[in-house]
Amino acid sequence: SNKEHDLLEDTVEKVGWSKHFDKAYGARKNKPHKPDPWVVDEIIKDLPQPISKEEILFVGDALSTDIACALQANVTPVWMSQYSVDEVIFGDCGPKILKTENCLTLLDILKGGA
């Protein structure tokens with residue numbers, strides 16, 4: 001998140017999401033923020049097991065930060081939005097971006113149904 005790191009950690013705890021995440025990554029002073037691909041590399045370094053970038057889905061709701069970061073980091077972007085990514089910027093060409101409207105359709109993608 002581009003939300004300040006400590007505030008993000010507090011928010012994740014307060015809404016009960018900490019059981020779903022090993023770590024939360026928020027903006028930090030004097031560190032690059034999304035869309036800088038440094039963010040993804042830092043997260044990968046902190047994972048308990050090695051993982052290749054081909055296995056990573058970067059889910060976000062903002063083209064200018066989330067999707068741009070995923071593309072620059074060479075991981076698969078997943079745009080969670082009601083709008084069509086093709087209609088907005090790419091037309092018939094461009095990078096592959098998975099599109100989902102909400103968490104339930106994302107779950108279908110992850111299960112291989114979409």
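Trainee: Why is Asn30 called exposed?

Mentor: Asn30 has a relative accessibility of 79%, and exposed is defined as over 50% relative accessible area, with buried under 20% and partly exposed in between (1.4 Å probe, protein chains only), so Asn30 counts as exposed. This is a predicted model, in which local features need pLDDT of at least 70 and side-chain atom pairs count only at pLDDT 80 or more, while totals for chains, interfaces and linings use all residues. Residues are numbered from 1 along each chain as its sequence is written, and side-chain values use heavy atoms, with hydrogens and water left out.

Trainee: What is the phi of Asn30, and where is Asn30 found?

Mentor: Phi is near 60°, a positive value in a residue other than glycine, and Asn30 is found in the loop between H1 and H2, where helices (H or I, at least four residues) and strands (E, at least two) are DSSP runs numbered from the N terminus.

Trainee: What makes Asn74 exposed?

Mentor: Its relative accessible area is 59%, so by the cut-off already given Asn74 is exposed. Asn74 also has a positive phi of about 60° although it is not a glycine, and lies in the loop between helix H3 (63–73) and strand E2 (76–80).

Trainee: Why does Trp17 count as partly exposed?

Mentor: Trp17 is at 48% relative accessibility, and therefore falls in the class between buried and exposed. Trp17 is placed in the loop between H1 and H2.

Trainee: Which peptide bond is cis?

Mentor: The bond from Lys34 to Pro35 is cis, with omega near 15°, and Pro35 sits in the loop between helix H1 (5–14) and helix H2 (38–46).
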